[in-house]
Structures are given as structure tokens and as C-alpha cells.
Amino acid sequence: MSSSHSYFCPCPRGLEIALAEELNEIALLDKTLKVHTQVPGGVHCSGTLQDAYRINLHSRIASRVLMRMAHASYATENDIYDLTLAQAWEDWFEVDHTIRIDVTAIKSPLRSLEFTTLKIKDAICDRFRDIYNRRPSVDTKMPDMRIVGFLDARTFTLYLDTSGEALFKRGWRMETGDAPLRENLAAGLLRTSGWKPGMTLFDPMCGSGTILAEAAQMLAGIPPGLHRDFAFEKFAGFSKDEWAAIKASVKPNPLPTEPTIFGSDISGDMVSMTRNNLNKAGIRFEVPLKQIEAQEVKAPSETPGILLTNPPYGERIGVRGDSTVEADDMAKEFFSAFGTTLKQRFAGWKVFLFTADLGLPKLLRLKEARKTPFFNGALECRLFRFDMVAGFNRREQAIPKTEPKQ
């Protein structure tokens, strides 16, 4: 096995720049990881097998770390079968390990991805059967090994997944609200907002606390992969000692003495869920949480900071609303009141709202300073930035134009 491997780290669309930045920071831990091109949906890099361990441990933004096994041009499914059959899978995992195959394609001329997936599975099973007279079984739910095929119009790339379960599954999340924000997306939004540990952060609609937990782990210096298992631990030739050494080299940060991370939510259940999730994420310092409606909040600190939140849609706005009011009217009322609160109480703050509702600035009656497109799964969203200028109110506009200026 060569000492250097090519890797592809997929991520939520819109977070490629943030992921490349993060990978460059991880590369500073040793000098073997090289970060290459960004493509829509991920970043290519290369390095040793230990670099894959490190990315899995430290990356908050990648969805997985895929190791490239082969790359070639193809014309038919048979070319894909032949290339897959030629790989030394037995050097990486055993016949008793269960497998799962996933294929994605962009502009591929092949008619059926299901058929292509089947061809890859057959080739791997045939390879093992030729050597051991036995074949690995497929397990789509909890496989030991995931093999990923990627097709474009002319070339086929075959990857072995070093991560196992997707990396956004940090191992701490026990309970979630409805449609929670994925952990790696929350981490990407934090990075995009410019928040850094030590700066004030406030999430006034914290839900199950994903943004707060990611930020708190960053502040504590707890890597996201510290409390979970990875597929590479089942690789042939996996070195327990090397992995233990990589984990042991993690130096936690000193605990903060003053709170800088704050959260609140309209729902008491959500607040206690956030508290539990912070606890499971290993957070051993105070993150003040309040049960309060977002339109009633005040700035939690003297120093302006970053307000970052993923406002709820429809249902949760109405948790304590009036059931006789239409959901749309309730949302209008709510966002209008929240916009006023931001203007009156958050002077000097940078406010970031992550939403699929592209008309949100209008509801808030605010003009965004920037909007960045992101995808939450297949859902197109925006991260809106509003700069709350000191002394920002609308009195000038209320003066009728006909009056002479005093």
C-alpha cells in the first residue's frame, strides 16, 4: 500500500470554501496532508492514512472522508466491473465484513445507476470469491465498509469510505427537535459568520442546540470525532497505537471563566433538550439558556457579538401562538416583531439568519448586507447577514416629506 492516498471530502453545498480552510488548518498538525481543488460538493486532498484519521477526528464540516481506490475512463458497465474487480479489496477489509455500495453520477451516459451499483457489488464479491471461495454480505443499514462510486460523463472513480457513519453524527446528539440542523452545516455557518471562540455568540431560537453545541466544543477544544467510531478502525493493518496517539495529542482549551455563548428558545422542552445535548457533547462550562420568545430577547452581553440562528418554520412559531390565527399571519407578526427587537436592542451586532424562506428580510423589514446560498440536504437556503448599525431606527422615514426640515 502506498504511503500517500488521494482523498475526497464531501460537504454540504455552499461550504466548500469553509471546508478547504478547515482542511488547511488540520494540515498544520503534520506536514503530510495537502489540500487540492474545491469542486461543487467537496474538496480533494491527499496524504497518509494517518491524515485520514486526523480529518475524521477534527473536521467539523466534511460529511465523510473517501479514499480513492481507482480512477479511469469508461464506456460501459463492464468497464466499471473490470476496474472494480482489479482492486485489492482484500488488503483493506475481510470477507466477513459487510459492505454497502453507493453510486452518484453527473451527466453519465449509463442508463441505470442501480445496475451500475450491482456491477460494483458483483465485482467485489467475485474478487473475494476467487481468493477465499466466500463472498462478503451486503448490509445497507449498518455496513462495516462503504464503497462509493462516482461517475461523470467519461470517467469513473471508486472510493473506500474511511468514516463509516456520516461525520455530522458526532455521537452526542440524543434528542432533536423537528428537522434539526445538521451538525456539519451548523459548524459551516459558524465559520462563514466569522465567529471565533472567545467572541460572543447568541442563538435566540436554539431548538435542540446544534449551533450552541458546535460552538461550545470549538471553544473547549473538543474535536467532533472524539466520542465515536470510524470505518478505518476495521481496516486491515489498522494501528490502534497510532490512532490512540493522534487522539492523545488533542489538547483541550482552558475552560472559559465568563460565559460567551448564550441561547434561548420559546419552548421549555427545547431548552432542556439543548442542556442535555450540551452535556452529552462534553461541555463542562456554563452556557446560559433561557426560555423566552425570540421577539422578547435582549442582548446577553455588553459587548456586541454574533447572533446566529436557524428560525423555525410555520409550526414552531405557533408553539404558544393563537391557534385561530393563520400560520402565515403569525409568521409575519412574529418576524416583524423580531426585526424591531433586533433594531432596538442589538446595535453593533452582526445578525445571521439561516433560512429556506428567501423573503425573510422583507418580513423583518431589514436590508441584508450579504446573502450566501447553502443547501440543507436538497433544500436551497440562504444565510442572510444584517449589520445592526448603532442608532439604527426608522424615525427619519416616519417624517412626512412635505414638512420643511427643522
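This is a predicted model: local features need pLDDT of at least 70, side-chain atom pairs count only at pLDDT 80 or more; totals for chains, interfaces and linings use all residues.
Local features need pLDDT of at least 70 and side-chain atom pairs count only at pLDDT 80 or more, while totals for chains, interfaces and linings use all residues. Residues are numbered from 1 along each chain as its sequence is written, and side-chain values use heavy atoms, with hydrogens and water left out.

We begin with the sheet. Helices (H or I, at least four residues) and strands (E, at least two) are DSSP runs, numbered from the N terminus. Strands of a sheet pair through backbone hydrogen bonds, either parallel or antiparallel. Here two strands pair if DSSP finds at least two bridges between them. Seven strands form an open sheet with mixed pairing, in the order β2-β3-β1-β4-β7-β6-β5. Each of the edge strands, β2 (34–39) and β5, has a single partner strand, so one side of each is left without a neighbour in the sheet. On average, neighbouring strands of this sheet are turned by 30 degrees against each other, direction ignored. β1 and β4 pair in the antiparallel sense, over two bridges. Y7 stands opposite M67 in β4.

Next come the helices. Contact means heavy atoms within 4.5 Å; axes are lines fitted to C-alpha atoms, for helices over the stretch in contact, and angles run from 0 to 180 degrees between N-to-C directions. Helix α1 lies across β1, β2 and β3 (42–47) and runs at about 175 degrees to β2. Helix α4 (residues 113–132) packs on the sheet and touches β5, β6 and β7, its direction making about 140 degrees with that of β5.

The pockets are found on a 1 Å grid over the protein atoms alone: a pocket is an open set of points where a 1.4 Å probe fits, with protein on both sides within 12 Å along at least five of seven lines, and lining residues have an atom within 4 Å of a point. Grid points are joined across faces, edges and corners, and a volume is the space filled by probe spheres set on the points.

The largest pocket has a volume of about 1200 Å³. Its lining has 38 residues, with F8, P10, C11, G41 and T104 nearest the centre. Among the elements that give two or more residues to this lining are β1 (5–10), β4 (66–73) and β5 (99–105).

The second largest pocket holds about 660 Å³ of space. It is lined by 23 residues, and E22, E25, I26, H58 and R191 are the closest to its centre. α1 gives the most to this lining, with four residues.
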